[in-house]
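Reader: I would like a close look at a single part of this model, with the terms and their cut-offs spelled out as they come up.

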Amino acid sequence: MYNNRNTQAESAHFIKWVKIDWDAVPAASYVREIPALHSLPITFWSNVIFFVGENGTGKSTLLEAMAVAYGLNPEGGSRNYRFATRDTHASLHEAIHMGRDPLQPWGTFFLRAESFYNVATASEAYESRYRDKTRTLHQLSHGEAFLATVQEDFRENGLYFLDEPEAALSVSRQLTLLYEFDRLAAHGTQLVVATHSPVLMALPGAQILNFSENGIEEISYEDTEAFQTMDLFIRDRDRLLDRLLA
């Protein structure tokens, strides 16, 4: 298990903080209507940062903007992936400023569940063209291919952005991914993850940033809505379902 907050705060991180230059955001951009984003800048002290909160609060919007600002493909992949199927990403990356460590990560990747099929296709083509081999991600299930990408492509001392990785994974595979996060973080990797998974965000030593109408605030695991809802469901399932379905 990687170190706690006190030790993490003394070590270098590839991204130390992020802020938005609102003068560079178009007046008509929907980004201006997301309350949480107006509470930036935010500072990162951990090797694993979770963006949590309800749908529509800006988690994925900020994560995507950070990844693109770091030079990654909006639809996912490494710096070498330059495919596009549809231009739907916001221009927020043009207004993003990040405090970066002088040291460069050994590897970077943007992994998002919604466009992973296209990433898998690009990955197989890249492996065939540049590495004289072909991975068979499309012969695996969605979850297996997603997890294989983390296990095979994510390196020590790397920087990785993941958008809702639990969408492709069973609960047991989420535990496997949690283990991979812990292993990577212990070897200098920084991960920024937007998630709804109470399994993933339970990783000890992670920084949890909650996005809401009131802004972005750091909270404990037990204070996350994901944990509280799941805890209530497990402890008092029958009564909760009776109220929900009445």
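Which residue just after α2 takes a positive phi? Please start from there and then describe the strands and helices in turn.

Author: The residue just after α2 is Gly71, with a positive phi of about 100 degrees. This is a predicted model, in which local features need pLDDT of at least 70 and side-chain atom pairs count only at pLDDT 80 or more, while totals for chains, interfaces and linings use all residues. Residues are numbered from 1 along each chain as its sequence is written, and side-chain values use heavy atoms, with hydrogens and water left out. Helices (H or I, at least four residues) and strands (E, at least two) are DSSP runs, numbered from the N terminus.

Helix α2 itself spans residues 59-69 and is mostly covered, since nine of its 11 residues are buried, where buried means under 20% relative accessible area with a 1.4 Å probe and protein chains only. The buried residues of α2 are Lys59, Thr61, Leu62, Leu63, Glu64, Ala65, Met66, Ala67 and Val68. The helix lies across β1, β2 and β4, and runs at about 65 degrees to β4; axes are lines fitted to C-alpha atoms, for helices over the stretch in contact, and angles run from 0 to 180 degrees between N-to-C directions. Contact here means heavy atoms within 4.5 Å.

Those three strands form an open sheet in the order β2-β1-β4, with antiparallel pairing, where two strands pair if DSSP finds at least two bridges between them. The edge strands, β2 (42-43) and β4 (96-100), each pair on one side only. Between β1 (residues 15-20) and β4 there are five bridges, and Ile20 stands opposite Ile96 in β4.

Turning to β3 (residues 48-53), six of its six residues are buried, so this strand is largely enclosed by the rest of the structure. In a regular strand the side chains alternate between the two faces of the sheet. In β3, Val48, Phe50 and Val52 point one way and Ile49, Phe51 and Gly53 the other way, and all are buried. β3 pairs in the parallel sense with β7 (residues 190-194) over four bridges, with Phe51 standing opposite Ala194 in β7. β3 also pairs in the parallel sense with β8 (residues 207-212), over five bridges, and the partner of Phe50 in β8 is Ile208.

β8 is likewise mostly covered, with six of its six residues buried: Gln207, Leu209 and Phe211 point one way, and Ile208, Asn210 and Ser212 the other way. A hairpin of two residues joins β8 to β9, and β8 pairs with β9 (residues 215-218) in the antiparallel sense over four bridges, where Phe211 has Ile216 as its bridge partner.

In their contact, Leu232, Phe233, Ile234 and Arg235 of α6 meet Arg237, Leu240 and Leu241 of α7. By class, this contact has five nonpolar, no polar and two charged residues; Ala, Val, Leu, Ile, Met, Phe, Trp, Tyr, Cys and Pro count as nonpolar, Asp, Glu, Lys and Arg as charged, and the others, Gly among them, as polar.

Conventions
Buried means under 20% relative accessible area, exposed over 50%, partly exposed in between (1.4 Å probe, protein chains only).
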